[in-house]
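Please keep the sequence and the 3D view at hand while reading.

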Amino acid sequence: MPNKSGAEQPEISGSTQKSQRTKITKSSDDNEKKSLAKKLKDSEICIPIVYGNIAFWLGKKASEYQSHRWTVYVRGATNEDLGVVVKRAVFQLHSSFNNPTRVIEKPPFELSECGWGEFEIAITLHFHSDVGEKPLHLYHHLKLYPEEESGPLSTKKPVVIESYDEIVVSEPSEALFARVQNHPAVIVPRLPADFTLPPVPLEDVDSKNRVDTKDNPLNQWFTNFSEADELLKLAAARQQVQAHIARLRRQLTLVDGQHQQLKAPSDM
Amino acid sequence: MDAKDILGLPKNLPIQEKKSKPPKESQRKPDGISREVYALTGGLAPLMPAIDVNQLKRKAQSENEKITWQWLPFTNSARKDNLQLYHWVRVVNGNPPTGDYSFAKCNKSADIIKYTDEEYEKYLTDPAWTKEETDQLFDLCERFNLRFIAVADRFPSTKTVEELKDRYYSVSRAILIARAPSPGDVSAHPLVKDVYNATQDTERKRALNLLLSHTKHQERRDVEVLAHAKRISEARKTIKASANLVLPVLSDTGTLGADKPITTADTVNPSTNSEFPSSTTTPVSETASVVASLRMLRVYLRTYSLEQMVQAASSSAGLRTIKRVEQTLQDLGVNLKPKVPTKAVCAEHLELRKEILTLLNLQKQLQYKEAEGSSLRDGTFTETPGTPPKQQSVRAVDLDRTFTPDSLSTGGERFGKREQKRKGPGRLAEAPSSPAQSKRPRKYKASD
């Protein structure tokens, strides 16, 4: 029976022996399960996310304790559906809120509230079981008021503060890989051409069922995070530093040469 | 007001009348204390009176006894002579107080054990000490009440404080044990229980002296080393913590069958266990262990991995160097923490940090070499890297802040020009070593 997991050879043959006594089909199921659980070594899949908050000043409708309406959220960086890897998101609010632990069971992972204060929100992302068991923690400081003193507050223009990050799943199982490889929210590495993944039951890729943030009314305020700017800056900085290093190295050899000359006469 | 009276000046000038009204209320004389005493407190009553004012006078009145104070002689039982001194005594109804002088009980002294000659011959002989010396020691100890510093000062032959202490304590101990009817009786006695260790005492004093004579420079180095050690131990702790978390995670995935997870756990463990002892403090192996720990976490944030890698790369650098790296990053216009931390950006950021570290190291090397060079020229070989001589001072200042913000805002043009200035006559002939920078210098050389 062809199987890639060479290390498990004795176990497989043991099970096939058993199955020959009972059912033959069962051993093929076992095989599939074991190869699905096999991990892709030295590779990682990456899910870029953006998390933050949007806050609207309520203007005339504002009261002392409810001056702003804000929404805290975690979204895919390109507004894709995060439900592919995230099972649920837990937002831990300030203790002065009712039920400060808010659990969002399905995407979009966002939470809206009314309030007046800025505080730190702890966001915990729980993943599907094939991604990982441990949850990840993000921390976001809720911002309601604009940075600069831009005069009177406007009800039309919200305060938006977002942070970019990426969820990295290192050495994902083949099953996970097969499940997410075509999903737009996930960045997968390219596999070698001859690599064949085990067949996975096709998920419903009907776009109607995807809960992404593309239709979200708040979409217009989302920041577009592009790595190009930063890459350019970093490349330029590296060039400068490398130039300096080269210059210093030249100077060092020059100074060394001078020292040699100074030392030589005394040796004579 | 009294002063004005004395001087004969007119009182209560019309201008001052308004001023005197508000402060008057706080200066009202309170009851129970005279005005002058109240003024001593600054004109304000204390929040909590220290002594209840009313109690002071009442105490003697309620007792209905006659209290007088008399100047009487007294003797002190702590004195050996019969010196009679006088002091004030509180006499109640004509009866002077009885009892010893109240401070006589403070005259405590240590119990020095006296040995007889026979006892000396039997138990106390020692090659380094003669009987005479031992007798002298004990005599001095008694006189100075076991103040060994004074004893050592007055001891005729030169012996260290530790030696004297050692002799005294071992002799006393030996006597106690010898005189005791059974060893169990004296085992609780402090002299028997705790043995004086002369070598340990010497070591302790030497170490304290060393610590006291630490220069500021050494103290700073100590602090840096401790911070570094703390960082290493914390890094190791996180690795171990993540290793401990992985094992229960793997065993929980029961749906995939019990066999597979256990085998992977077994294969993971030996490989990671072999990695731990091999992790030395070099940055290269530190990053390798960070990579391993990240792999074991399985799911993590990109920013977290960058943090760990940066820490590992700068593990060999002191606090000051790290601050300089951050300063350089700021001067270059780069965010200390990338705003868009993608895989590529994080990789570039890490490489940039490493290159800056290399740059700073090279700068330091060059500074040292130049200081060396100048001292060679002068003929004196004094290593003072911190104070490079005058002809090198310009270059040193340049090296300190290689990237000043204004030179970078114009996209590096001015930077090229500055490089031109620094090049001496011998430099123009040098070809740039790396292709990356060949474009810029050539551009400005044409303008020459």
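This is a predicted model: local features need pLDDT of at least 70, side-chain atom pairs count only at pLDDT 80 or more; totals for chains, interfaces and linings use all residues.

Helix α8 of chain B covers residues 161-179, and at 1.5 Å a residue its 19 residues should span 27 Å; the end C-alpha atoms are 27 Å apart, which agrees.

## Helix α8 and chain B

Which residues of α8(B) are buried? They are Val161(B), Glu162(B), Leu164(B), Lys165(B), Arg167(B), Tyr168(B), Val171(B), Ser172(B), Ile175(B) and Leu176(B). These buried residues pack against several helices of chain B, namely α5 (117-124), α6 (131-143), α7 (148-154), α9 (183-186), α10 (190-193) and α11 (198-212). Tyr168(B) also belongs to a cluster linked by ring pairs, together with Tyr115(B), Tyr120(B), Phe138(B), Phe148(B), Tyr169(B) and Tyr196(B).

Chain B as a whole contains 21 helices and three strands. Of its 448 residues, 28% are buried. Among the contacts in chain B with a separation of 6 or more, 52% are between residues 24 or more positions apart. The accessible surface of chain B is about 31,000 Å², and carbon and sulfur atoms account for 56% of that surface.

## A sheet with strands from chains A and B

Strands of a sheet pair through backbone hydrogen bonds, either parallel or antiparallel. In this model, five strands form an open sheet in the order β5(A)-β2(A)-β1(A)-β8(A)-β3(B), and the pairing is antiparallel. Which strands form the edges? They are β5 (109-115) of chain A and β3 (299-301) of chain B, each of which pairs on one side only. On average, and with direction ignored, neighbouring strands of the sheet are turned by 20° against each other.

Strand β2 of chain A, residues 68-76, is joined to β5(A) by seven bridges, and the two run antiparallel. Within this pairing, Thr71(A) has Ser112(A) in β5(A) as its bridge partner.

## Aromatic pairs

A pair of aromatic rings is described by the distance of the centres and the angle of the planes. Over all chains, the count is 18 aromatic pairs.

Phe56(A) is in strand β1 of chain A, while Trp221(A) is in the loop between α3 (174-180) and α4 (227-267) of chain A, so their pair ties together parts that are 165 residues apart in sequence. Phe56(A) is partly exposed at 22% relative accessibility, and Trp221(A) is partly exposed at 26%.

The other pair involves Trp70(A) of strand β2 and Phe97(A) of the loop between β3 (86-92) and β4 (101-104), both in chain A, so it ties together parts that are 27 residues apart in sequence. Trp70(A) is buried, with a relative accessible area of 0%. Phe97(A), at 15% relative accessibility, is buried as well.

## Loops of chain A

Lys143(A) is located in the loop between β7 (136-141) and β8 of chain A. Is Lys143(A) buried or exposed? Its relative accessibility is 15%, and Lys143(A) therefore counts as buried, the cut-off for this being under 20%. Apart from neighbours within four places in sequence, Lys143(A) is in contact with Asn53(A), Ala55(A), Glu118(A), Val159(A) and Ile161(A).

Most residues other than glycine have a negative phi, and most peptide bonds are trans.

Pro108(A) is in the loop between β4 and β5 of chain A.

Asn79(A) is in the loop between β2 and β3 of chain A, and Asn79(A) is buried, with a relative accessible area of 13%. Asn99(A) is in the loop between β3 and β4 of chain A; at 60% relative accessibility, Asn99(A) counts as exposed.

Methods. Residues are numbered from 1 along each chain as its sequence is written. Chains are lettered from A and ligands numbered from 1 in the order in which they are written. Side-chain values use heavy atoms; hydrogens and water are left out. Two strands pair if DSSP finds at least two bridges between them. Helices (H or I, at least four residues) and strands (E, at least two) are DSSP runs, numbered from the N terminus. Axes are lines fitted to C-alpha atoms, for helices over the stretch in contact, and angles run from 0 to 180 degrees between N-to-C directions. The expected span of a helix is 1.5 Å times one less than its number of residues. Buried means under 20% relative accessible area, exposed over 50%, partly exposed in between (1.4 Å probe, protein chains only). Contact means heavy atoms within 4.5 Å. Accessible areas come from the Shrake-Rupley method with a 1.4 Å probe; for residues, only the protein chains shown count as cover. Rings of Phe, Tyr and Trp (its six-membered ring) pair if their centres lie within 6.5 Å; planes under 30 degrees apart count as stacked, over 60 as edge-to-face and the rest as tilted.
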